[in-house]
Amino acid sequence: MMVQTPSASRRRDLWRFIWQIVTGNGLLVILLLAAAAGMLAAAWLPQAPTADPEAYARWFSEAQARFGKATQTMQALGLFGVARSFGFRALLALLAGTLLLRLVERGDRLLSGAARWEWGELFPLLAHGGGLLLLTGLLVTHLWSWRIDGLIVQSGEQLPVPGTKSWVALQEDASKVTHSPGIVVSVEALGPGVRVSAADGAGNALALEQAAEADLHTELTLALAKDQHFAIPDAQLIVQLTPQNGRPGVQGPILLQVYHYPPIQLETETVVKGDAELRVDDVTLHFISRPYAQVTATFNPGLWPTGIGIALAIAGLAGSIVRSARQPRTDEED
Amino acid sequence: MIPVTPIIGLSVGMLLTAFGLTLWNGFRQTTGLDRAAQVISWIAGGLLLIAFPLLWSEAHGHYTRALHLVLMAAVAAPSINRRHHFPSSGAIRMLPALVLSGIGLTLVAENFQGTHYTDLLTLPAWISQEGLFAQPPTVSLAEPSMLLNMAFMFCDGLVARVLGEALGTLVHPVATPSRLFDALYMLLTLLVGTTTLTNLWQRGMVWEGSPAESGLLGAWLAWSAAWLSPREHPRLRAALIATATLLLVLLALEG
């Protein structure tokens with residue numbers, strides 16, 4: 001028979017104590033509260049934009065006006081980028097570790113026969129496993145996902161997503177956005193657009209120039225997410241297209257203004273809707289409606305683990321809540 | 001047209017009376033006083049429920065913060081305690097309904113000329129920055145979004161009830177929060193779960209990082225912590241529940 005020395009027994013007690021702490025409810029409650037505080041800070045404090053330098057500059061001046069000298073300190077503490085901060089990520093890592101240990105502990109209790117198997121025992125396992133899968137999915141998302149905002153695709157066009165092999169397309173009637181498999185595309189805005197061409201009196205196509213020093217084209221496709229203009233150098237004309245405010249829609253009215261230069265003076269202006277033709281002197285402008293969609297393309301390899309994790313966690317939590325509510329209580333109830 | 005301000009004012013007064021009676025009963029232990037306070041709180045809740053459609057018609061069917069507060073207070077007001085071991089706990093349970101209806105009254109009164117109620121209470125910035133009819137006039141009761149809003153307002157009222165119960169438990173740990181907390185936690189879990197799954201399905205990401213999403217997720221994490229907290233320490237549990245519910249009430253009112 002082996003006899004344990006007092007120091008070995010003390011060491012084992014210490015490990016048992018640590019195990020009880022890390023698998024107990026107390027630590028999980030503290031971690032959840034810390035994560036809640038982080039999320040609430042993210043909700044109440046303006047979070048710094050990262051992708052757009054212009055938006056960042058605007059945010060920074062607003063933050064300085066609001067928080068004054070405290071801005072630098074708050075920024076150093078990561079309060080303006082909670083989800084990106086090291087502290088918050090470390091917290092999520094700790095949460096994942098705790099969930100894993102709790103799952104091991106519960107599984108061990110069931111397998112070793114220390115706890116009697118009941119179907120109800122499945123719910124905490126589902127909740128812990130789901131939470132763990134969700135956090136793993138979030139890690140995969142963080143490491144390998146990408147997202148491109150503000151892509152503009154016009155009807156009948158198949159647009160390659162920059163830097164990837166994926167593509168996004170808008171159907172001819174602008175009724176549906178299609179895309180290559182493996183990505184998620186969400187439509188942010190729909191609006192009018194045109195394909196424009198110009199011809200002289202003899203019917204010859206005229207070259208169009210969208211900006212100074214830009215290539216010349218006989219046809220331009222313009223999305224009217226903002227005002228657009230182009231020049232017809234051979235006819236010394238500049239055409240400006242303005243989507244009419246307050247009347248959204250893929251076939252919304254467009255204000256056309258044609259200027260002659262030099263010197264720049266307004267030649268004619270009119271409002272068109274859908275396909276149109278406009279004659280200025282001996283130049284004929286053809287406008288064919290080509291609505292646009294502004295989309296966001298996302299590639300997320302963590303999508304399925306995250307989704308399954310959420311579904312399992314919901315099922316596990318719902319079952320655990322019902323199970324806990326059905327347990328008899330001795331105290332006063334309303 | 002029935003003026004809505006006096007009705008809300010009357011219910012605030014009745015809630016204050018019920019609060020006072022319950023507190024008084026704590027000192028004097030007069031027979032039937034707690035029953036009277038209960039009846040009065042039910043009448044106050046009923047009056048607030050009557051005020052809700054009136055206020056809704058005043059707001060031309062648009063969502064407003066005052067509407068939200070009035071419906072929340074109406075749901076939170078009626079006292080359903082069967083036993084009162086500690087009447088002061090019962091009085092504290094009425095506090096959320098009293099505060100919510102009081103702020104609701106102030107918001108309503110602010111929008112009627114010739115009233116001076118605004119002098120009575122300085123509102124926090126997050127409430128006073130927008131008036132009674134400040135929300136964009138895009139939603140009507142006939143649309144599902146208004147019905148959904150009403151469902152959320154009703155749930156927020158239940159949250160305010162749980163807040164009252166948790167505050168009562170903080171004073172006297174004998175009275176534990178009811179199963180309503182469990183039911184609301186389940187609802188909140190389903191809401192957060194479906195929101196994140198919808199985000200994932202439609203946009204490819206769980207979380208877009210908007211303040212509303214962060215707030216909802218933060219509130220759910222706080223509720224989860226409160227739900228997991230040890231039942232053998234009712235005060236600690238009640239403090240966590242009170243914090244979590246208060247967060248949700250503030251988030252709901254901030255819109």
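In what order do the three strands of the open sheet in chain A stand? You'll find the answer in the second legend.

Before you zoom in: this is a predicted model, where local features need pLDDT of at least 70, side-chain atom pairs count only at pLDDT 80 or more, and totals for chains, interfaces and linings use all residues. Residues are numbered from 1 along each chain as its sequence is written, and chains are lettered from A and ligands numbered from 1 in the order in which they are written.

**View 1. Chain A is split into two domains.** Domain 1 covers 6-145 + 301-326, and domain 2 covers 147-299 (bounds from an automatic or database domain assignment). Taken over C-alpha atoms, their centres are 47 Å apart.

**View 2. The strands of the open sheet run in the order 1-16-5, with antiparallel pairing.** Strands here are DSSP runs (E, at least two residues), numbered from the N terminus, and two strands pair if DSSP finds at least two bridges between them. Strand 1 (146-154) and strand 5 (184-191) of chain A have a single partner strand each, so one side of each lacks a neighbour in the sheet.

**View 3. Strand 5 of chain A pairs with strand 16 (residues 292-299) of chain A over seven bridges.** Pick out A:Ser186: its bridge partner in strand 16 is A:Thr296.

**View 4. Chains A and B touch, with 37 residues from chain B and 32 residues from chain A.** Contact means C-beta atoms, placed from the backbone, within 7 Å. On the chain B side, helix 8 (180-203) and helix 9 (211-228) each supply at least two residues (helices are DSSP runs of H or I, at least four residues). Helix 8 of chain B gives the largest share, 11 residues.

How values were computed
Two residues are in contact if their C-beta atoms, placed from the backbone, lie within 7 Å.
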